[in-house]
Amino acid sequence: MNINYQQRMAKLRLFLTQHQVDMKIISGRQNIRYLTGFSGNAATLLVSKNEAYLITDYRYYERAREETQNIKVELRDRDAETLGRCIARCFPSFESVAFEAAHYSVEQWHAISADLPYKHLKSASGWVESLREVKDEQEVSFIQRAAQIADESLEEVLSLVKEGVEERELALELDYKMRRKGSEGVSFDTILLFAERSALPHGSPSARRLKHGDFILIDFGAVVNGYRSDMTRTYVYGKPTDKQKSIFNTVQQAQRRALEHVKQGINCEDLNRLAHQVLADSPFAKYAGEGLGHSLGLDLHEQPFLKPNTSYHLKSGNVITIEPGIYIPNFGGVRLEEDIVVTEQGYQCLTNAPQTFEL
């Protein structure tokens, strides 16, 4: 795995120059991983125009030294030295320093800043997140491999679907199979719901048992080198009713309408509107989910989001989900979700499990 972390760091340093800042304090776990390769917890990254320090404690010190290059790994004794004093020890004489306000509570930042000697402290969130919006080829390959693991695991789990099986039983089998195939864990807590419970967009698997005619909604993902996949499929166990088929066909049509228009330059808000027009023109309009999708990578939900009032024009290299849904309380729901990478002329689909409806 040959990731050019120095190139990523160089892009961040351009922000320092543009915003006339001497140093940036970075605490977002995935931001630190993106910039350095360090995959642990309990770390703070300091980046100046010429140097970088990774502060951690005894639990992660050796791991940080193994996983990073061209970074000074600083060991902090948490009982003897506050984080603020450690930061000041690494860089004692700067004027202007930026920090990621989005990753601190008010109480945490008050405690840290009390020991900082800098004249100007600026809230500056979103710098690293903006660099993470466009994925390089290696990042895409990690997500694609995670999606492949999810595809293969789903195929195996569907063979276990039978009357009387519990939601949580199938969910556990799916998680286990992904781990056996090389996933580092689950991308998020697996959503696997039957019947009317499929109308819960983010419900948790229960002891509910499967019956003929039930919806089965499965939303899940695998993780490879920290990068996540996210796929949803919806089925009916047995012969679907006309209403169930109509809901499925409507959601599928909305997804296809969006995919037809995906390419570099399209506005996320416009893409969302195109898909939701299909839902709005259906008999199920009032049950449609609000958003169309989101970007994903080291985090499950990253910028950009595909929803109303989002003025972001897609770029080649964005990896996004397209996931329209209809959720009818006390009846059931349908969601279909694909992971795609945006290209100049269209997209490449990373998820490949068939959109079969009837099991």
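Tutor: Gladly! Let us begin with a definition: a disulfide is a covalent bond between the sulfur atoms of two cysteines. Here, a pair of cysteine sulfur atoms has to lie within 2.5 Å to be called a disulfide. Please keep in mind that what you see is a predicted model.

With that cut-off in hand, how many disulfides does a search of the whole structure find? The search comes back with 0. Take Cys-86: the closest cysteine sulfur belongs to Cys-90, and the gap between the two sulfurs is 4.6 Å, so they are too far apart for a bond. Cys-86 is buried, because its relative accessibility is 0%. Now try Cys-268. Its closest cysteine sulfur is in Cys-349, 17 Å away, and this distance is too far for a bond as well. Cys-268 also has a relative accessibility of 0%, so this residue counts as buried.

Buried residues can be looked at along a helix, too, so let us turn to α5, which covers residues 106–113. Which of its residues are buried? They are Trp-109, Ile-112 and Ser-113. These three share one side of α5, because they span an arc of only 90° around the axis. Glu-107 and His-110, on the other side of α5, are exposed.

Next, let us see how helices sit against one another. Two packed helices are described by the angle between their axes and the distance between the axes. Start with α1 (5–18) and α2, made of residues 29–36. Their axes come within 7 Å, with a crossing angle of roughly 120°. This angle makes the two helices oblique to each other. On the α1 side, Tyr-5, Arg-8, Met-9 and Leu-12 make the contact, and they meet Arg-33, Tyr-34, Leu-35 and Thr-36 of α2.

Now follow the chain to α7 (residues 137–158) and α8 (residues 167–180), whose axes come within 9 Å and cross at roughly 135°. That angle makes α7 oblique to α8, and the crossing is right-handed. From α7, the contact residues are Ile-149, Ala-150, Ser-153, Leu-154, Glu-156 and Val-157, while α8 brings Leu-170, Glu-173, Leu-174, Lys-177 and Met-178.

One more pair: how do α9 and α10 run relative to each other, roughly parallel or roughly antiparallel? The axes of α9 (residues 242–261) and α10 (residues 268–280) cross at roughly 155° and come within 8 Å. An angle over 145 degrees counts as roughly antiparallel, so that is how α9 and α10 are described. This crossing is right-handed. Thr-250, Val-251, Gln-253, Ala-254, Arg-257, Ala-258 and His-261 of α9 make the contact with Leu-271, Leu-274, Ala-275, Val-278 and Leu-279 of α10.

Leu-75 belongs to strand β4 (residues 72–75), and its relative accessibility of 43% makes it partly exposed. Which residues does Leu-75 touch, if we skip those up to four places away in sequence? The list is Thr-56, Asp-57, Tyr-58, Tyr-61 and Arg-89.

Finally, have a look at the backbone itself. Gln-20, in the loop between α1 and β1, has a positive phi of about 55° although it is not a glycine. Gln-20 is exposed, because its relative accessibility is 65%. Asn-225 is not a glycine either, and its phi is also positive, at about 50°. You will find Asn-225 in the loop between β9 (223–224) and β10 (227–228), where its relative accessibility of 28% makes it partly exposed. And where is there a cis peptide bond? Go from Gln-303 to Pro-304: the bond between them is cis, with omega near 5°. Pro-304 is part of strand β13, residues 302–306.

Technical notes: Residues are numbered from 1 along each chain as its sequence is written. This is a predicted model: local features need pLDDT of at least 70, side-chain atom pairs count only at pLDDT 80 or more; totals for chains, interfaces and linings use all residues. Side-chain values use heavy atoms; hydrogens and water are left out. Buried means under 20% relative accessible area, exposed over 50%, partly exposed in between (1.4 Å probe, protein chains only). Helices (H or I, at least four residues) and strands (E, at least two) are DSSP runs, numbered from the N terminus. The arc is that of the directions from the helix axis to the C-beta atoms. Axes are lines fitted to C-alpha atoms, for helices over the stretch in contact, and angles run from 0 to 180 degrees between N-to-C directions. Angles under 35 degrees count as roughly parallel, over 145 as roughly antiparallel, 65 to 115 as roughly perpendicular and the rest as oblique. A crossing is left-handed if the near helix is turned anticlockwise from the far one by less than a right angle, and right-handed if clockwise. Contact means heavy atoms within 4.5 Å.
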